[in-house]
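Here are a few friendly notes to read alongside the model. Please keep the structure open as you go through the points.

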Amino acid sequence: MAAGPALRELDSDGSSEELVLTPAQLLGGLEQESNLKRAKHGDLKVSIHRMEIERIRYVLSSYLRCRLAKIEKFFPHILEKEKSRAEGEPSILSPEEFAFAKEYMANTETYLKNMALKHMPPNLQKVDLLRLVPKPNLDAFVFLRVQERQENILVEPETDEQREYVIDLEEGSQHLIRYKTIAPLVASGAVQLI
Amino acid sequence: MFGERAVELVRGLHRAADGHLPPFSEDGIRQVLEEMKALYEQNQADVYDRLLRIRALRWEYGSVLPNDLRFHMSAEEMEWFNQYKKSLATYMRSLGGEEGLDLTQDMKPPKSLYIEVRCLKDHGEFEIEDGTTVLLKKNSQHFLPRWKCEQLIRQGVLEHVLS
């Protein structure tokens, strides 16, 4: 099925705490296919197509739910990152996700401020969302598969006795490594989280 | 014990003879403020944790919460919930195509296309995509498309019959 490789890309977002960018076209393509199939009536193979649509819809929904959950979980840090994004750099959020994130932040801020005003003395009213909401753990270990060979990746030492060292990542190989070390490679597509 | 230091400071002031000003305890005041700050932060964390649970309710129960849950929420929490619902609905409507994509459906991988369900309470008429309607009367059993039943199962109207 043509959606195979597209679906594989969607899976990788579940493996890390950070929000992984996926091209909007990928999503658009999947949705189009699903809408197209929905239009076929009276087809003999309609139930097989239906099953396929169900599966696509499940994977797509799962993926979007995962993104939404991450946005809600780390919202002040994600919005802070968006604010400090450079001019030409692509956003990790879709425009709709960005709108949702801002609304979520405003809603939560309003709520916490109202609670504080109601119950707390004035000198303690400042709401610091960046401190209240935990940051994503970029030190967590993740499994990855190498798509494009990478040379001289710098690995930080684990203990005081160790020194930092470099490794090469062979195409097709799999590794267990700290997310922080390979974060830019995930963004560029050179490695895929599994 | 919470507030011990603060009570100590106040007692000290009371014990002093009328008008006499006991020495200013910089340490004492600092400790009390630190305790206040810690208590405030813990309270904020608890309040925030409640918010996370309320958010989970939207995903579990849908946009209409059962009455007993509603009574457990403050007016402000209810306001937060209503705003959250709205935000979520706007976002889901924006996803591909004209009707959008309801992300609160399809929470489990599809195993079969149709499922056997039993009706737990009267729910009236229910339309399935080929145009036919089904009467969901209490205790009636039906063979229906899974995706149409998901929400009703979560709301407790239908029960998935596993043979």
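1. Axes here are lines fitted to C-alpha atoms, for helices over the stretch in contact, and angles run from 0 to 180 degrees between N-to-C directions. Helices (H or I, at least four residues) and strands (E, at least two) are DSSP runs, numbered from the N terminus. This is a predicted model, where local features need pLDDT of at least 70. Residues are numbered from 1 along each chain as its sequence is written.

2. Start with chain B, where the axes of helix 2 (residues 26-61) and helix 4 (residues 75-93) come within 10 Å and cross at roughly 50 degrees. That angle makes helix 2 of chain B oblique to helix 4 of chain B (under 35 degrees is roughly parallel, over 145 roughly antiparallel, 65 to 115 roughly perpendicular, the rest oblique).

3. Which residues make the contact (heavy atoms within 4.5 Å)? Among them are Leu51(B), Ile54(B) and Trp59(B) of helix 2 of chain B, with Trp80(B), Phe81(B) and Leu88(B) of helix 4 of chain B. By class, this contact has 8 nonpolar, no polar and 5 charged residues.

4. Further along chain B, helix 5 (residues 146-155) has Arg146(B), Cys149(B), Glu150(B) and Leu152(B) as its buried residues (under 20% relative accessible area, with a 1.4 Å probe and protein chains only). Just after helix 5 of chain B, Gly156(B) takes a positive phi of about 90 degrees.

5. Now look at chain A, where 3 strands form an open antiparallel sheet in the order 4-1-5; strands pair if DSSP finds at least two bridges between them. The edge strands are strand 4 (174-178) and strand 5 (191-193) of chain A.

Definitions and conventions: Chains lettered and ligands numbered in written order. Predicted model: local features only at pLDDT ≥ 70, side-chain atom pairs only at ≥ 80, totals over all residues. Heavy atoms only, no water. Contact = heavy atoms within 4.5 Å. Nonpolar A, V, L, I, M, F, W, Y, C, P; charged D, E, K, R; others polar. Buried < 20%, exposed > 50% of the residue type's maximum accessible area, 1.4 Å probe, protein only.
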